[in-house]
Amino acid sequence: MKRTLSILIASTALAAPAMAEDLSVVGSWSGLPLHKEYEAPFWGEKLPAASGGNINVSLTTHNQMNLGVGDVFRLLGDGVYDVAMTVADYAVADAPELEGLDVPLLALTADEARAMVDAARPMVEDIYANRFNSKVLAIAPYPPQVVFCNAEVSELSDLEGLKIRASGRMTAKFLEALGAEGVNVAFSEVPGALQKGVVDCAVTGAGSGYSAGWWEVSTHLMPIPLGGWDSVVTAMNMDKWNSLDADTQALISEQVAAEFEAPAWASAQDALVNDIACLTGNGDCPAGEARGMTLVEVSEADFQKARDVLVGEVLPDWAERAGGDWAERWNASVGETVGVKIGG
């Protein structure tokens, strides 16, 4: 009887389904392509399906929740929700060392940006674990952060003296080194700021600017990546991550890499070309109606000038703010990948 009971208990345990996991997920800007084309399908459909129904996801976005962007990862660390994703630069007030993830002008193609992000990832994982009690799951790109101007510009020197909305702190420092004034304006408030003359120019991704209608309030597009690629970090609260069994952790890691991160990167280069066509009318626009912004060609001299400012002023300034051994770690990883050395 005891033997029969033991076999029955063992058989029941083997037949029992894995415990279901409920995840509350907060995505990035709901109106932009990264969320609509990649985040929402992955968390809403692909991951639950891959888990055989064992992972249930409740998905919203930080703008739908009306969260301050600087609070997204703070609240994640506190366990207010399980997973969050937004631009890493939004969190640099809490973690200045995080600015080293997305440095302007070092990556001019999606492949170069991916290599730079991969090199920085061990640093980013340490930062999120220590600063935000979180496990990094993915780092995906917005398109390169280019310059929209409601002013006549034809070269980089024309930005001098203008008020420009920056996409991150390092970009603001860079603009100030060029003689421009970096202005802090929330993404959603930029169209009004451009229209009213609060800013003359603003930096964001070409696709983001197209989707948000910045072409209605700006005339010139300068496709130089002054704001880097605005890397979007996806992270899970570390306590939640540690509560998952090893198989569930492996499933999430594998799926997020293959079904979210990789497709987002694969589309990044074509997205830039298409977005510029959509904004300027120079080529076909697969996203909708092409607009008529003036395309400002960036000369090799402008690129070199910008790079000199970056290496000579902006990166040393960041190294001082970050403190510790972050400059040394950056040199040995990102710097090695892109051929730039801080302090050398």
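User: Just after α2, what phi does G52 take?

Analyst: This is a predicted model, with residues numbered from 1 along each chain as its sequence is written. Local features need pLDDT of at least 70 and side-chain atom pairs 80 or more, totals for chains, interfaces and linings use all residues, and side-chain values use heavy atoms, leaving out hydrogens and water. Helices (DSSP runs of H or I, at least four residues) and strands (runs of E, at least two) are numbered from the N terminus. Just past α2, G52 has a positive phi of about 65°.

User: At which residue does helix α2 bend?

Analyst: Helix α2 covers residues 33-50 and bends by about 50°. The bend is the angle between axes fitted to the seven residues ending at a residue and the seven starting there. For α2, that residue is F42.

User: Is F42 buried or exposed?

Analyst: Buried means under 20% relative accessible area, exposed over 50%, and partly exposed in between (1.4 Å probe, protein chains only). F42 has 0% relative accessibility, so F42 counts as buried.

User: What covers the buried residues of α2?

Analyst: Those buried residues include L34, Y38, F42 and W43. Going by contacts (heavy atoms within 4.5 Å), the cover includes β1, β2, β3, β4, β10 and α9.

User: What kind of aromatic pair do F42 and W43 form?

Analyst: Rings of Phe, Tyr and Trp (its six-membered ring) pair if their centres lie within 6.5 Å; planes under 30 degrees apart are stacked, over 60 edge-to-face, the rest tilted. The whole structure has 9 aromatic pairs. In this one, the centres are 5.0 Å apart and the planes make 85°, so by those cut-offs the pair is edge-to-face.

User: And what about Y128 and F132, how far apart are they centre to centre?

Analyst: Y128 and F132 form a tilted pair, with 50° between the planes. Both sit in helix α4, 4 residues apart, about one turn of the helix, and both are buried. Centre to centre, Y128 and F132 are 5.2 Å apart.

User: Which strands stand at the edges of the 6-stranded open sheet?

Analyst: Strands pair if DSSP finds at least two bridges between them. The order is β7-β6-β8-β5-β9-β11, with mixed pairing. Each edge strand has a single partner, so one side is left without a neighbour in the sheet; these are β7 and β11.

User: In β9, which residue does C149 stand opposite?

Analyst: Strands β5 (residues 145-149) and β9 (residues 220-222) run antiparallel, joined by 3 bridges. Opposite C149 stands H220.
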